[in-house]
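Dear colleague,

Please find below the structure for your records.

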Amino acid sequence: MRGGDPIAVTFIDSRGERVETTGATGDSLLKVGQAAGLPLEGTCEGQMACSTCHVIVAPEWFERLSEASEEEEDMLDFAAGVRRTSRLSCQIEIAPQLQGLTVTVPGESADARKM
């Protein structure tokens, strides 16, 4: 179900700058980040066939997310700059309990759509 009150999300870009934005319940974090102009390519459009939407979730938020599937974990093996709290943004669905979510876009990220 999409809609409802906007959910605040903070992205930290590769320069350490905060990008404050909002998403709607049911949106993927990938869609929200792309709309904010961040370099989250999402080549496979959320099908977990790439790792171009990799983000690092702030530790205080990581445990609040549903567990990553085995397929997502496998794709993260191909991502640059992976950390313990890494996730694919296409697999994080915006929900009210994620109000204030903070994630970092790794410095190794590049969006080929903009090159």
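A patch is made of residues with over 30% relative accessible area and no salt bridge, with like charges joined within 9 Å. A salt bridge is a side-chain nitrogen of Lys or Arg within 4 Å of a carboxyl oxygen of Asp or Glu; Asp and Glu count as negative, and the place of a charge is CG of Asp or CD of Glu. Accessible areas come from the Shrake-Rupley method with a 1.4 Å probe.

This is a predicted model, in which local features need pLDDT of at least 70, side-chain atom pairs count only at pLDDT 80 or more, and totals for chains, interfaces and linings use all residues. Residues are numbered from 1 along each chain, and side-chain values use heavy atoms, without hydrogens and water.

On the surface, Glu63, Glu67, Glu70, Glu71, Glu73, Asp74 and Asp77 form a patch of negative charge. Glu67 is in the loop between helix 2 (59–62) and helix 3 (70–76) (helices are DSSP runs of H or I of at least four residues, strands runs of E of at least two). Glu67 is exposed at 76% relative accessibility (exposed is over 50%, buried under 20%, partly exposed in between).

The count of disulfides (cysteine sulfur pairs within 2.5 Å) is 0. The sulfur of Cys44 is too far for a bond, because the closest cysteine sulfur, in Cys50, is 3.5 Å away. Cys53 is likewise in no disulfide, the nearest cysteine sulfur being that of Cys90 at 3.7 Å. Cys44 is buried at 15%, and Cys53 is buried at 2%.

Glu45 has a positive phi near 55 degrees and lies in the loop between helix 1 (29–35) and strand 3 (54–57).

Yours sincerely

Technical notes: Patches are made of residues with over 30% relative accessible area and no salt bridge: like charges are joined within 9 Å, nonpolar side chains (Val, Leu, Ile, Met, Phe, Trp, Tyr) within 5 Å. Buried means under 20% relative accessible area, exposed over 50%, partly exposed in between (1.4 Å probe, protein chains only).
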